[in-house]
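Subject: Structure handover

Hello,

Here is the structure I said I would pass on. My notes on helix packing, the cores and the strands follow below it.

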Amino acid sequence: MTATLSAPDDQSIARLLTMMEGSARFARESVHRAAAAFGPAWEADFAAMLSRFYASESRLQDAVKGYGAFVMDSMRRQKRFEQELSYPAKTYAEAAAEVYYNDDYMRRQYLPGLLLSHYLWTHHYQQIEYFKGFFLPWLERQGVAEFAEVGVGTGIYSRLALQALPALRGTGLDISPLSLEFTAEHVASFGFAPRYQTRRQNILEPGEGGEPLPRFRAVICVEVLEHLEDPVALLRGLRELCTADGKLFVTAALNAAHADHIYLYSRPEEVLAQVEAAGLHLEHSFFANAYAPAKPGLPVPGALAMVLSPKA
């Protein structure tokens with residue numbers, strides 16, 4: 001089914017579709033499919049991101065090309081995964097060198113491709129809707145003043161939190177200076193820079209001057225676990241970053257072959273077992289597959305999102 005887009009006043013989605021016609025035509029259907037699935041609220045959210053962060057023609061064109069390359073690379077890796085049922089052997093250091101510290105790859109493909117995927121991949125946007133529906137309302141009810149996001153990526157979750165709660169302040173932590181730069185620009189494009197700071201930091205290591213990191217009542221960590229050799233260590237670090245009365249929003253990608261995915265989760269239960277081992281309590285969760293398998297038993301990418309709290 002193809003939806004008729006309502007054509008926002010700024011025509012940002014129409015601009016995107018025109019550009020996709022030239023360099024990523026296959027992606028146009030993803031736009032219409034998302035519009036059909038999520039309706040006017042999705043259109044408004046997507047149009048706002050495009051018009052603010054990708055206001056210039058050249059920057060939007062780069063994003064379209066990056067998304068096209070990102071999708072094609074993901075499809076190639078996923079096809080190999082379907083045959084081998086494992087990710088290629090790779091250490092975290094190797095993945096970091098290949099992706100997080102690769103300036104050209106991060107700027108031209110990974111970050112712009114990942115940002116558009118949050119809107120154009122159905123299971124990614126369903127995860128965003130879950131975040132809005134099950135985590136942000138708790139922050140508002142409790143009057144949470146500050147949050148931390150660990151592994152900011154494109155900054156979309158930090159921006160959505162700041163956008164939803166005008167009094168909220170945030171800190172973005174990441175090992176990649178390129179992700180931090182991209183996130184700062186994303187947040188600033190919506191006018192939220194005064195309420196947000198970024199910091200290059202591995203939360204499993206001491207802070208500046210050997211001081212422990214401050215604790216936050218709300219902690220966000222989206223699709224980082226599968227990037228690590230020891231996800232439980234990160235989950236324990238997230239628990240330590242959160243106050244005893246706080247909550248965490250943590251997600252994981254399952255059966256999703258990407259350049260920087262090194263820990264394979266095949267089933268949600270595998271993630272939940274690690275959550276338990278890390279001393280965290282599962283309060284609520286959401287799981288969605290990216291699409292229906294082409295044939296029975298074929299693994300497909302999935303997204304597991306969880307609202308957690310530290311165990312007493």
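For the helix packing, an axis is a line fitted to the C-alpha atoms over the stretch in contact, and the angle runs from 0 to 180 degrees between N-to-C directions. Please keep in mind that the model is predicted.

Helix packing. Helix H2 packs against helix H9 (residues 177-189) at an angle of about 105°, and their axes are 9 Å apart. Angles of 65 to 115 degrees count as roughly perpendicular, so H2 and H9 are roughly perpendicular to each other. On the H2 side the contact is made by Met 49, Arg 52 and Phe 53, and on the H9 side by Phe 182, Glu 185, His 186 and Ser 189. By type, the residues of this contact are three nonpolar, two polar and two charged.

Cores. The largest nonpolar core has 70 residues, and the members that touch the most others are Trp 42, Phe 46, Met 49 and Phe 249. Helix H2 (residues 28-53) supplies the largest share of this core, with ten residues.

What does Phe 249 contact, leaving aside its neighbours within four places in sequence? The residues are Gln 127, Tyr 130, Phe 131, Phe 135, Tyr 157, Val 219, Ile 220, Cys 221, Val 222, Ala 305, Met 306 and Val 307.

There is also a second, separate core of 29 residues, with Leu 225, Leu 228, Ala 278 and Leu 308 among its members.

Helix H6. His 123 lies in H6 (residues 122-134). Is His 123 buried or exposed? His 123 has a relative accessible area of 5%, and because buried means under 20%, it counts as buried. Not counting residues up to four places away in sequence, His 123 touches Ala 288, Asn 289, Ala 290, Gly 302 and Ala 303.

Helix H10 and the strands. In H10 (residues 231-241) the buried residues are Pro 231, Val 232, Leu 234, Leu 235, Gly 237, Leu 238 and Leu 241. Their cover includes strands S1 (146-150), S2 (169-174), S4 (216-221), S5 (242-254) and S6 (280-289), together with helix H11 (268-277). S2 is itself mostly covered, with five of its six residues buried. S1 and S2 run parallel and are joined by five bridges; one of the bridge pairs is Glu 146 with Arg 169 of S2.

Regards

Note on methods. Residues are numbered from 1 along each chain as its sequence is written. This is a predicted model: local features need pLDDT of at least 70, side-chain atom pairs count only at pLDDT 80 or more; totals for chains, interfaces and linings use all residues. Side-chain values use heavy atoms; hydrogens and water are left out. A nonpolar core is a set of buried Ala, Val, Leu, Ile, Met, Phe, Trp, Tyr and Cys residues joined through side-chain atoms within 4.5 Å. Buried means under 20% relative accessible area, exposed over 50%, partly exposed in between (1.4 Å probe, protein chains only). Helices (H or I, at least four residues) and strands (E, at least two) are DSSP runs, numbered from the N terminus. Contact means heavy atoms within 4.5 Å. Angles under 35 degrees count as roughly parallel, over 145 as roughly antiparallel, 65 to 115 as roughly perpendicular and the rest as oblique. Ala, Val, Leu, Ile, Met, Phe, Trp, Tyr, Cys and Pro count as nonpolar, Asp, Glu, Lys and Arg as charged, and the others, Gly among them, as polar. Two strands pair if DSSP finds at least two bridges between them.
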